Amino acid sequence: MAIERPDNPRCLIPEERLRSRVRELAREIEEHYQGKEPFVAVCVLKGSFVFFSDLIRGVDLPMNCDFLGVTSYSNRPKQSGEVKITLDLASSVAGKHVLLVEDVIDSGTTLQYLMRSLEARKPASLKVCTLFLKPHTLRAPYEIDFVGFQIGDEYVVGYGIDYQDRYRGLSYIGAVERPL
């Protein structure tokens, strides 16, 4: 049974504030990776692709880009606890500085899986950037190196983040009623 959602989610973060914070993150990342280039920026698909695109355009350093497709939701609103790779990296990250770019870190289940997987590939360093962190829902403490926004329990959509393949195209971050 499909859950009805409003056509226009409540605005949580307006477009200009979102873009401003992404530019700030790009500067922080640029400062960190100065002298470590080219580094590898890894986009976690699908929800991060818009954020990733804007972020890397703001970093004025040589970098390689790669993509990891993962799923832990299985078309359900709450995480299943099972993480699956749907698209693996195209190249080796061994001996390279790696920046993992996520959309939302909430329980940390997907992050834990990705960190283990990437650490096993022996990068020179591994850092994490997320647009949204829900610190109160993390199941284990993680050091997140670059955080766009800390948020509460809102179910966010827009700017590439979806709910059942809807709302990815919003230019702002909206909040919808938390699905069951």
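This is a predicted model: local features need pLDDT of at least 70, side-chain atom pairs count only at pLDDT 80 or more; totals for chains, interfaces and linings use all residues.
Student: How many aromatic pairs does the count come to here?

Tutor: Aromatic rings pair if their centres lie within 6.5 Å, and by this rule the count in this structure comes to 4 aromatic pairs. One of them joins Tyr 33 and Phe 39, whose ring centres are 4.2 Å apart with their planes at 15°, so this pair is stacked.

Student: Are Tyr 33 and Phe 39 buried or exposed?

Tutor: Tyr 33 has 0% relative accessibility and therefore counts as buried, and Phe 39, at 1% relative accessibility, counts as buried too.

Student: What do Phe 132 and Phe 149 form?

Tutor: Phe 132 and Phe 149 form a stacked aromatic pair, with 5.7 Å from centre to centre and 25° between the planes. Because Phe 132 belongs to strand 6 (residues 125-133) and Phe 149 to strand 7 (residues 146-150), the pair ties together parts that are 17 residues apart in sequence. By the cut-off we began with, Phe 132 and Phe 149 are both buried.

Student: Let us turn to the cysteines; how many disulfides does a search of the whole structure find?

Tutor: A disulfide is a covalent bond between the sulfur atoms of two cysteines. In this case, a search of the whole structure finds 0 disulfides. Cys 65, for instance, is in no disulfide, and the nearest cysteine sulfur, which belongs to Cys 43, is 8.8 Å away.

Student: What does Cys 65 count as, given its relative accessibility?

Tutor: Cys 65 counts as partly exposed because its relative accessibility is 38%, and Cys 11, at 43% relative accessibility, also counts as partly exposed.

Key: Residues are numbered from 1 along each chain as its sequence is written. Side-chain values use heavy atoms; hydrogens and water are left out. Rings of Phe, Tyr and Trp (its six-membered ring) pair if their centres lie within 6.5 Å; planes under 30 degrees apart count as stacked, over 60 as edge-to-face and the rest as tilted. Buried means under 20% relative accessible area, exposed over 50%, partly exposed in between (1.4 Å probe, protein chains only). Helices (H or I, at least four residues) and strands (E, at least two) are DSSP runs, numbered from the N terminus. A disulfide is a pair of cysteine sulfur atoms within 2.5 Å.
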